[in-house]
Amino acid sequence: MNNGPSLKLVSASPPSATLTLASPLSGWAARLDEVPDPAFAQRLAGDGVVVDPTSTELRAPCDGVVVSVHASRHACTVRAETGAEILLHIGIDTVELRGEGFTAHVQPGQRVRAGDVLIGFDLDLLARKARSLQTVMLVVNAEGYTVTERVEGRSVSVGEPLFSVSGNASAPVTPEPAAESGATRQVRLLIAHGLHARPAAAFAQRARLHAGVVRVLCQGRTANGKSVSALMGLGATHGDLLTLQVEGDAAEHVAQELAEWVASGLGDPTSPVAEPVATAHGVKPMPVAVPVFQPGKELLLEGVVASPGSAVGRAVRVVDLPVDLPEQGQGVAREEQRLTEALTRVRRELEESMSGAPGSGGARVEIFRAHLALLEDPELTEAAGKEITSGRSAAWAWRTVMERQAAVLLGLEDARLAERAGDLHDLARRVVAVLTGEASSRVPSVLPPEAILIADELLPSELASLEPHRIAGICTARGGPTSHVAILAAGMGLPAVVAMGNQVLAIPEGAPLVLDGDRGEVRVFPTEETRESTRRAMVARAAHRRAHLATAHEDCRTADGVRIEVVANLGRPGEAVTARDKGAEGCGLLRTEFLFLERVRAPSEDEQLARYQEIADAMGGRHVVIRTLDVGGDKPLAYLPLPHEDNPVLGLRGVRVSLREPELLRTQLRAILRVRPAGVCRIMVPMVTTRAELRAVRAMVDAERQALGISTPVLLGAMVEVPAAAVLADQLAADADFLSIGTNDLTQYVLAVDRGNPHLAARLDGLHPGVLRLVAKTVEGARLRGRPVAVCGGVASEPRAAPLLIGLGVTELSATPAVVPDLKAFIRTLSLPRCEQVAREALKLESAEAVRALVSSTWPGL
Ligand code: PEP
Ligand code: MG
């Protein structure tokens, strides 16, 4: 960065009061120059003394208020009554330990007296792992202060005077800015350990050279850019988007220089943000500096489609409410009792929400049920109990245990499990809210009309507790298309875009937005024309929907009379009613995992029977295809230990697990066979690769049917998800009564694109000609044996895929319930010869984009 003429040194305020600071530790006091870190040695962070500790507790050097405690618990700042801000930083480069070996005894905002314990630390561990144990104590707002009477070059005891500070309120002098000269930049923080002391000092030092105001905003918090402690107090971590606001002379120039300085890492090593934005057209790296949002300038942000539909509205930011939790408990018995009472109360609330949610959709009830199971998980309650026994408060204990568990899930690098971490955060929040009396929802209770919620991640209970008519849509920085929130949003009919990256968090409160849930796009400060055209499209769409719903209950045939069955994919019991109401002609895929995941033991045969029967009854006699358990690999079960796999997606999953655990499969088969009327349920086997696997399952079905004395035949089908199964479909069809193509998995295996990898999400397109050719091959093989072929993967829910699939010979589409009426209406406009012709052309194309373009040009308006 070049220090242009605009950067001036700011004058200091005159000193007027003296404060003596006590040594926070026992040890050897030395000059700052001896610290092996230039930021401290050169006094970039401030002036003071360093102590090489022999004691294990960092104590307050004076009376004051804790301004910040670093997330890694290795440093904190205390503001003395004189206004001096004292940074206490244990060891050098200890931020890299990420909290290991440190225990914080205070939290921001807490008042402390000289001598109070701030942070405890494990001296042995630090001696082994840290670069140096040297602990610095500095005045970070040093402009207004002079450090005197330093004790250096001798041993000191904790509490003994270490140095004195003379001076007065020392906020950096910031001349009144020229009103017209403001500038803003946004820049992503790429420093691996976030904005810790050293880079904060480096930033502040540059910022102080500017005579005008420098502010740094992050996650809804604002800091004076010239204050090291304020910058550290932002808690900015790797990947966070910082907004820099500069006022005064040459503000543009200074803002640009500061943004470049941040982007370069402020002298610390940087690492790229491992979260590129997947777009509909490919993968875009997360921009380091994004343009500023401002009225009159329409900006397009892209993310991942989670729930279809459009919305025109205004941004309502869902930001974390600070919850100050005391770490110290008030006695083990008292804290245990408080936790028990809070858990009981939340359990009661959840049960009430479940019973009081008739017609509100099965997904909501299922999520509450999953939360209940977590509340009753003995491992979590025992872990919280242990924290309480070691002196922690109930709230601190519960939050710590839940966050630890969520971190474990996130660390598993499994997209589905990572999405479940949101449930743990949610539950942590609910229980802590009861314990502290704080509001449990971050969503404002009064929402403006057409609110579009903007959140880092929305918690399932936050969404489930909202009435759908109060919000217009949802955008989140994180999350995934299969998260509970995405499922809920789809069930509530709310358009949602997820995985948008931190850029979305910089959208100003109240900014007008247009959200396109079909394309995964959000336009910020859209033009009047964009808004109006979206509103017109929404009105037209609603009118079409109503018209389509009116005919949704009739059989579906193409315009030239070819029968195409449109059935529904179900993942939760309550969805069956919705599916039937939307005109689904049956269920083409019941994902039974909902019964098996997030619990401590497998459901019994009777429990399974009750749930399957409930669904069959709701479908009113229409057929229900029940898929046998599809776990393992990316969906592990706690009670079903499987060996560690380096590549679980290519490992033990689907039928491979079922044949390894035959009792689990037999129990499920019996439950399916016992559903009445006999034969209404069909059985479908996931992840079949060979004919032998299907034969083994058929032998078990026959044996159980015989044992149960059931004479009615039960249809058994195979899912085609593995490329080999598509290529050998003629062989599989000899043993299968029907085939159903799972395009989600088939696409991931054909294109070698992990379906859980957010970096490649945009490439996972089931309309790729490579996938379509395998659909054609499957139909060709099945026809040789006279077997029907269905598609139950995600593309079956896309109207633009329908002509291709029908043209390739697919006769059943199993879609998400909400799209059934539109899908049926569109199919009624198609003719088979035209579909066949376009499908033949599509097979010759080279990319999914080319296939989509072909469909769009043939059926404009799709
Ligand atoms: C598929 O893979 O397309 C499918 C329907 O199964 P799931 O998405 O449950 O893996
Ligand atoms: Mg699958």
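This is a predicted model: local features need pLDDT of at least 70, side-chain atom pairs count only at pLDDT 80 or more; totals for chains, interfaces and linings use all residues.
**Ground rules.** Local features need pLDDT of at least 70 and side-chain atom pairs count only at pLDDT 80 or more, while totals for chains, interfaces and linings use all residues. Residues are numbered from 1 along each chain as written, chains are lettered from A and ligands numbered from 1 in the order written, and side-chain values use heavy atoms, with hydrogens and water left out.

**Ligand 1.** I looked up what surrounds ligand 1 and got 13 residues (a heavy atom within 4 Å). The closest are Arg591, Arg627, Gly742, Asn744 and Arg755. Then I checked polar contacts (pairs of N or O atoms within 3.5 Å). A polar side-chain atom of Arg627 sits 2.9 Å from a ligand 1 oxygen. On the backbone side, I found a polar atom of Asn744 at 2.7 Å from an oxygen of ligand 1, and one of Gly742 at 3.4 Å.

**α22 and α23.** Next I took helix α22 (residues 743–751) and helix α23 (residues 769–784); helices are DSSP runs of H or I, at least four residues. Their axes, lines fitted to C-alpha atoms over the stretch in contact, come within 9 Å and cross at roughly 120 degrees on a 0 to 180 scale between N-to-C directions. I noted Leu746, Thr747 and Val750 of α22 against Gly770, Val771 and Leu774 of α23 (heavy atoms within 4.5 Å).

**α13 and α25.** Last, I looked at helix α13 (residues 528–551) on helix α25 (residues 820–827): about 80 degrees, axes 8 Å apart. That makes α13 and α25 roughly perpendicular.

How values were computed: Helices (H or I, at least four residues) and strands (E, at least two) are DSSP runs, numbered from the N terminus. A polar contact is a pair of N or O atoms within 3.5 Å; within protein, one must be able to donate a hydrogen and the other to accept it, and residues adjacent in sequence count only if both atoms are side-chain atoms. Angles under 35 degrees count as roughly parallel, over 145 as roughly antiparallel, 65 to 115 as roughly perpendicular and the rest as oblique.
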